[in-house]
Structure formats: structure tokens, C-alpha cells
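Keep the 3D view open as you read.

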Amino acid sequence: MCAIIHFGTDGWRARVDEDFTADNVARIADAVGELWQKTNPGKTVYIGFDTRPLASEFAELAAGVLAAHGLDAVLASRPVPTPALTWAAAYDGEACGALMVTGSHHPQGYLCLKIRMGDGSTANQDVIEELEETMAPEPMGIEGQYHTADIIPDYMQAVASFVDAEAIRAAHLRVVVDPMGGAAQGYLADLLRELGVEAHEIHAGQASDQEDICPDPVEPWVDACERTVIEDGACAGLVTDGDADRIGAVDERGRYIHPHQIMALVLGDLVQFRNLEGRVVVNLSCSTLVRRIAEALGCRVTVKPVGFKYIAAEMKKGGVLIGGEEAGGIGIAAHMPERDGILACLILCELMAKTDAPLGVLVDQLEDSFGKTSYGRRDLRLEAEDAETLRTLLPGVNPKSICGKVPQNVSHMDGLRLSFEDDTWLLVRPSGTEPVVRVYAEGFSVEERDELLDAGCALARGTYPL
């Protein structure tokens, strides 16, 4: 019996020992091939894969299926970061899209299939719904001829040209690079070395599903990078997830730097050193810090539901400078309407070079100017029926107070988000693909944050007094 395919906020994910099978990959490729052949007959589609075991085999299968639909299927000749594959599609006028087979930031045993459109953006909800509705219960079993190409050199040249190479070269930076065994290994470190940066790469020559690696650039998985930065006396540690579309960082003191802080720094670089302007698009789960610095820099803030596809849709409308999500995905509209962890790393190096300051000093200056907050997230697993009940009831929940705080704004855009007068907030958001509730909160101390998280979890379980 074939699995029912449901796409999450960034593709379809499943365990390789369960539903991520050749038949299901072929079913998705069939549906995508039929859609693109109908709307873009004979156009080019790029297929990529990361370093995770079986990713290349599934990518070869998808390439053959897409070719059978009359599309010009181009398979990457070696593991590639998702941003590189996306860039190839976005800057090829003959391309209609791309498919990426990757472990992404998921733990070992999982693979994910991501769909990118011809302009580089994530497939929107209309496309996803059409694919899910038209997907056949069995694969067609037909494969065509595809060809391979090395898409890395053009992409690497493009991201290098985006930053001030002379400023970086003159700064003589020393950094630690941690691709977490993923698709950025070799590429980011080598590019930094070409720019004059002394780059020490860790977790290279490994696959991102080895037991000592979870390719998610957050604590505790960045511990090895934190130790290495201290040992090397580096000015920063730059971390990318398994397919390099997300970023995390470590400062010179071995302190983890949150993606929200990274986004705020990147935004400052774009406005203050490049004189760029435009809207800042964030998800409901984004930190107050990003909104504060955006407003201080004269950038209007647009808030969307969780998922970069909603941010990408805003970027395609125009007038957007940068978009970002709490999970570490940062997209710069002048580059493409998608996330690029490698480019974000280069911009951090540019910022350190131009300010002659290590990463931690830049973050301290940021917090001195805009305030220091404590951000957190918990994932709460419920019974399937309880999760569905919460999903049904949550749009009608409007609490008068939480933790003694009276909500100043209540949003049901994506779950339940409560904003308080002092800029603290709480978000309770059921997953759309599994019986998990994600609870986010931000306070001005760890204790205040945790109190809000506790209340959010109780609310999700139905035990919080309303």
C-alpha cells in the first residue's frame, strides 16, 4: 500500500526505512514531471543530492522519471548544496524548476525531497496542493535519458561576487567552518581560503547522518564547533545544515549565536554598508530583535506564517530586501528568492572585515543598542487525536492573560500567537504533517521565557486555565 504524500513547510520528509522508498520518490517525480511538462514543455529541470547515503541513488531515479516526461533533466555530477541547485534553476532562462534529495537538517535515517520553481522559489501552496491531489497511487515505471553537469563553479563565482572580496582579504580573518558533514563541505571552506580567510573545516569527509552528527546548526549540535573556535583562537565559527540553506554561528568566546542575531547582523550589513533598502519579511516565530533593528533602519516589516514558502512569495512581489525564519534560513532578494546559508556566512565575514570586530563584539553591540532577549522553542508530541482536537479548537482560543500578562495582540494566522505590551510573546503552532505542537516564546530573561514556554505547553495539552 502506497503512502499518502503530504508536503510540509519545506518539502516531503520520511524515514528511508519506512516511506522514503523508490516507488514514492518516483510517484512524486511523476507528478512534478506531468505538471512541468504541461506548463513548461521540454524545459530544463535540475536534480541534486547531498552527502547522505542513498541520496544520489534517489536523485538518479528522479532524474530518469522527469526525463521520461519530456523534460531536459540535468543531474548534478557531485553532491551540491540546495542553494547551488536553486541558483542554477533561477539563473537558467530555460529551466522550469529543480528537485533536491537531501537529509537537510533532519536526523539520521531521514531524507527529504524539496521542490524549487524556475525562479528559485519554494513551490507555493497551490502547486503543492495540485501535486498532492493528482499524484498517482503507483509510479508509472518509465524512465528516460538524463545528463549530468557540474553546477558548482558558476554558483560559487556568483556568491563570491556578492561580497567585498578585497575587504575580506585585507582583514586576515581566521574562522572555523562546520558543514556538519553536509553538502557545503569543501565548498565554503575553499571559497573562504580563496578570499584570504584562514579556514579550519571540521566534519569534512563525513556523511550528515553519522551518529556523532545531527546536521541542524543549533545547540547542542554545534558543540564541536564551539570547542574548535576556542582552541583555534578564531573570530567566528560558521555552521551550515545538511544542505546548506540554513546557518548557525559561534562567536570568538565559543558562544552560540542564534539565527535571529545573524539575520539582524546581515540586515545591518545590507543597509549600512550597501545602502540597500526594502521590506523585511519574517515568520510569526521570528525574534523581536529582528523587528526592532529593521524598524530602526527604516525597513518596513511584513509578518507571514511559518515556512519559507510564504516569505518567498513576498519576495517575488518585489520591494523586499531580506527574508528570514527562526530556523536559520536567510534569503536576500537581490540574490534569489530563497535561503542561502553559504552566502550568509560570506556576509558575516564581510561584516567582521569592515568593522574590524569579531562576531561576539558585533552581537554585543547589537544587544546594547536594541536590547537582549531570551528566545526558546519546545516540540511537544501529542496523541494524534489530541493534536487534531487542538488544531480544530485553537482558532477559537483567546486567553485573557498568560503568566499574568494581558495579550495586546492575538493572531490566529498560524496557530495562536500572543503578543504582550513589553514585546514578549508566545506562539503555539501545531505541525501540519505530524502530531507535534511547536511552542515558541521570547522573554527578557531565561526564567521569563521558560515560564511562557511552560504555559504554552500546558495550553497545548489543554491543562492551562483559560
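This is a predicted model: local features need pLDDT of at least 70, side-chain atom pairs count only at pLDDT 80 or more; totals for chains, interfaces and linings use all residues.

Residues are numbered from 1 along each chain as its sequence is written, and side-chain values use heavy atoms, leaving out hydrogens and water.

Two packed helices are described by the angle between their axes and the distance between the axes. Helices here are DSSP runs of H or I with at least four residues, strands are E runs of at least two, and both are numbered from the N terminus. Axes are lines fitted to C-alpha atoms, for helices over the stretch in contact, with angles running from 0 to 180 degrees between N-to-C directions.

Start with α1 (residues 22-39) and α4 (residues 125-134): their axes come within 9 Å and cross at roughly 120°. That makes the pair oblique, the label left over once angles under 35 degrees count as roughly parallel, over 145 as roughly antiparallel and 65 to 115 as roughly perpendicular. The contact (heavy atoms within 4.5 Å) brings Ala-31, Val-32, Leu-35 and Lys-38 of α1 against Val-127, Glu-130 and Leu-131 of α4. By class, that is five nonpolar, no polar and two charged residues; Ala, Val, Leu, Ile, Met, Phe, Trp, Tyr, Cys and Pro count as nonpolar, Asp, Glu, Lys and Arg as charged, and the others, Gly among them, as polar.

Ile-152, Met-156, Val-159 and Ala-160 of α5 meet Tyr-187, Leu-188 and Leu-191 of α7, giving seven nonpolar residues, no polar and no charged.

What about the inside? A nonpolar core is a set of buried Ala, Val, Leu, Ile, Met, Phe, Trp, Tyr and Cys residues joined through side-chain atoms within 4.5 Å, where buried means under 20% relative accessible area, exposed over 50% and partly exposed in between (1.4 Å probe, protein chains only). The largest such core has 79 residues, and Ile-322 and Leu-348 are among those touching the most other members. Its largest share, eleven residues, comes from α12 (residues 341-355). A second, separate core of 40 residues includes Ala-26 and Ala-31.

Finally, find Ser-285 in the loop between β12 (279-283) and α10 (288-296). Ser-285 is buried, at 0% relative accessible area. Its contacts include His-260, Glu-326 and Trp-425.

Definitions and conventions. Lists of a residue's contacts leave out its neighbours within four places in sequence.
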